[in-house]
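Please examine the model shown here before reading the questions.

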Amino acid sequence: QSFEPLIFTANSAEDRENLTKLLSENLGIVVFDEMYDQLKELARSMNPHIEKYTAEMAAAWIEQHLGETPIAHYGNYVYYPWSQRVVHLLEEEEFIELRTNRNRNKITVEEAQILSTKKVGVIGLSVGQSVSVTMAMERGFGEIRLADFDLLELTNLNRIRTGVQNLGLSKVISVAREIKEIDPYLK
């Protein structure tokens, strides 16, 4: 019934050791590491004035940005126990910067900062599931509270976007997991 991923700080020797232990004790865990591509996107995002941002320019920016830090020790490793996946992601501030980059023409930076302080509640997760996930995709809140006392049943799948593997799971847990898979830093 968990919906909180475990976050391991990549530049912490203790966290790397704990992650290595987790991976060695659970051979079915799959690791997804697209950190270099995330950094390439971040480089492009941080230099919007350059019209034709080349791979060479991105590589130079990444090298300077990382400094002496190996890429494996950069960012965070996020473990999703319900799906047995580990994803190597940018640290929270850079992740938010990059993930909300395309919102800039929709809302101002000031409006985004205001929204990041707001708590919202969604009661009823049939239609509320789509509302909750959309708000998470837009990062239109600082904290979300979900309420629904039902479990997922086969008849719910005409209006709730989830897989049959979640039948019998609490609707709240299902939606919370989906949100955490979009953005593990959201509360």
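The questions below concern aromatic pairs, a sheet and backbone angles.

This is a predicted model, in which local features need pLDDT of at least 70, side-chain atom pairs count only at pLDDT 80 or more, and totals for chains, interfaces and linings use all residues. Residues are numbered from 1 along each chain as its sequence is written, and side-chain values use heavy atoms, with hydrogens and water left out.

Q: Which kind of pair do the rings of Y80 and W82 form?
A: Rings of Phe, Tyr and Trp (its six-membered ring) pair if their centres lie within 6.5 Å; planes under 30 degrees apart count as stacked, over 60 as edge-to-face and the rest as tilted. The count by this rule is 2 aromatic pairs. The centres of Y80 and W82 are 5.4 Å apart and their planes stand at 65 degrees, so the pair is edge-to-face.

Q: How many residues apart are F95 and Y185?
A: The rings of F95 and Y185 have centres 5.2 Å apart and planes at 70 degrees, so this pair is edge-to-face. Helices (H or I, at least four residues) and strands (E, at least two) are DSSP runs, numbered from the N terminus. F95 lies in helix α4 (residues 92-99) and Y185 in the segment after α7 (171-182), so that the pair links distant parts of the chain, 90 residues apart.

Q: Which residue has its charged end over the ring of Y80?
A: A charge sits over a ring if NZ of Lys or CZ of Arg is within 6 Å of the ring centre and within 35 degrees of the ring normal. Strands β3 (residues 76-80) and β4 (residues 85-89) pair in the antiparallel sense over 5 bridges, where pairing requires that DSSP finds at least two bridges between two strands. The bridge partner of Y80 in β4 also places its charged end 5.9 Å from the centre of the Y80 ring: R85.

Q: What are the edge strands of the open sheet?
A: The sheet has 4 strands in the order β1-β3-β4-β2, with mixed pairing. Two of them pair on one side only, namely β1 (6-9) and β2 (30-33).

Q: Is R139, with its positive phi, buried or exposed?
A: Most residues other than glycine have a negative phi. Phi of R139 is near 55 degrees, and R139 lies in the loop between α6 (127-138) and β6 (143-147). Buried means under 20% relative accessible area, exposed over 50%, partly exposed in between (1.4 Å probe, protein chains only). With a relative accessible area of 13%, R139 is buried.
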